Amino acid sequence: MTSQTEGSGYLVRAVRPHEWAAVKALRLDALRDPVAPLAFLDTYEEAVARPDSFWQDRAVGSGEGSERARQFVAEAPDGTWAGTVTVLREEPGTEDWSGAAVERRQGHVVGVFVRPGHRGNGLIGALFDAGVEWAWEWGAERMRLFVHADNGRAQGAYRRLGFAPSGLVVSFAKDETENELEFVRER
Ligand SMILES: CC(C)(COP(=O)(O)OP(=O)(O)OC[C@H]1O[C@@H](n2cnc3c(N)ncnc32)[C@H](O)[C@@H]1OP(=O)(O)O)[C@@H](O)C(=O)NCCC(=O)NCCS
């Protein structure tokens, strides 16, 4: 799936299974963002130490053609990957990656990142459009994501894109502080 973001010159598309090196490079840049400790569960040090096979598996598992997950990127006119979102497919009766029961057929948005020079221009909306469209194709009833209570900018973007807090608050941190808010967007 590809789409040209109107008037912007970005090409939003799914990653291809062989593009693991670019997937890795974008993730490592995301993990060096000042907001990374709030935004992502892994660290730069953990990620950079992973073997190539980890990134190869990720690119195949969430690349074009995979039914389990789909990573979308926005390519700028110079070829830079300017931003990304990944949608995980969740089915009722299964457990999500954190071990919690899944009760609805839904798309779970993770790995949301837009490079600083490309923020505030609507690109995040184009990336979400691609991810949501993919999830509606396989019958998702809703979209959900988790966002840190202190990540105001991300929350602002998600609200503008039609998401709202569900009331569920969880902790992924080792200190068990409950600080991740579930945001949902019904179909
Ligand atoms: C989160 C991210 C993808 C959003 O993309 P973006 O292009 O920066 O988002 P936008 O600028 O379009 O939207 C942010 C909104 O929040 C508002 N905002 C900015 N800072 C804010 C703050 N501290 N508190 C509340 N709202 C804030 C903005 O005004 C804007 O709302 P508006 O369009 O209604 O004016 C991007 O900032 C990013 O990659 N951040 C680092 C990684 C990250 O946090 N990922 C999310 C993990 S859950």
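User: Start with the backbone just after helix 5. Which residue there takes a positive phi?

Analyst: Gly139 does, with a phi of about 90 degrees. Keep in mind throughout that this is a predicted model.

User: Which residues of helix 5 are buried?

Analyst: Burial here is a neighbour count: a residue is buried if 20 or more other C-beta atoms lie within 10 Å of its own. In helix 5 the buried set is Leu123, Ile124, Ala126, Leu127, Phe128, Ala130, Gly131, Val132 and Ala135.

User: Which residues of helix 1 are buried, and where do they sit around the axis?

Analyst: List the buried positions, then look at their directions from the axis. In helix 1 they are Trp20, Val23, Leu26, Arg27 and Ala30. They span an arc of only 130 degrees, so they lie on the same side of helix 1.

User: Let us take single residues. Why does Thr84 count as buried?

Analyst: Thr84 belongs to strand 4. It counts as buried because it has 22 C-beta neighbours inside 10 Å.

User: Which residues does Thr84 touch, beyond those up to four places away in sequence?

Analyst: The contacts are Leu26, Gln71, Phe72, Val73, Gly111, Phe113 and Leu127. Leu26 is one of the buried residues of helix 1, and Leu127 is one of those in helix 5. For a distance along with sequence separation, take Thr84 and Phe128: 44 residues apart in sequence, 9.0 Å apart C-alpha to C-alpha.

User: Is Arg70 buried or exposed?

Analyst: Go by the count, not by the residue type. Arg70 sits in strand 3. It counts as buried because 26 C-beta neighbours lie inside 10 Å. Setting aside residues up to four places away, Arg70 touches Ala14, Ser62, Thr86, Val87 and Trp134. From Arg70 to Gln106, 36 residues along the chain, the C-alpha separation is 13 Å.

User: Where is Val15, and what is it in contact with?

Analyst: Val15 lies in the loop between strand 2 (11-14) and helix 1. It counts as buried, with 24 C-beta neighbours inside 10 Å. Leaving aside residues within four places in sequence, its contacts are Val23, Ala59, Ser62, Gly63, Glu64, Gln71 and Val73. Val15 and Ala59 are 44 residues apart in sequence, with 7.2 Å between their C-alpha atoms.

User: What about Asp96: where is it found?

Analyst: Asp96 is in the loop between strand 4 and strand 5. It is partly exposed, with 13 other C-beta atoms within 10 Å. Its contacts, apart from neighbours within four places, are Glu90, Val102 and His108. Asp96 and Ala82 are 14 residues apart in sequence, yet 28 Å apart C-alpha to C-alpha.

User: How do I read the surroundings of the ligand? How many residues surround it?

Analyst: Count the shell, then ask what supplies it. Here 17 residues surround the ligand, and the closest are Ala39, Arg119, Gly152, Gly156 and Ala157. Strand 5 (106-114) and helix 6 (152-160) each give at least two residues. Helix 6 gives the most, with six. By class, the shell has nine nonpolar, four polar and four charged residues.

User: Last, the whole fold. How many helices and strands are there?

Analyst: The protein has six helices and eight strands. Their order along the sequence is β-β-α-α-α-α-β-β-β-α-β-α-β-β.

User: What does the radius of gyration tell me?

Analyst: Compare it with that of a compact globule. For 187 residues that would be near 16 Å, and the protein has 16 Å, which agrees. The C-alpha atoms fill a box of roughly 40 × 35 × 30 Å along the principal axes. Of the 187 residues, 28% count as buried. Among contacts between residues at least 6 apart in sequence, 59% join residues at least 24 apart.

Conventions:
Residues numbered from 1 in each chain as written. Predicted model: local features only at pLDDT ≥ 70, side-chain atom pairs only at ≥ 80, totals over all residues. Near = placed C-beta within 6 Å. Helix = DSSP H or I, 4+ residues; strand = E, 2+ residues; numbered from the N terminus. Nonpolar A, V, L, I, M, F, W, Y, C, P; charged D, E, K, R; others polar. Rg over C-alpha atoms; globule rule 2.2 N^0.38 Å. Buried ≥ 20, exposed ≤ 12 C-beta atoms within 10 Å, placed from the backbone. Contact = placed C-beta atoms within 7 Å. Arc of directions from axis to C-beta.
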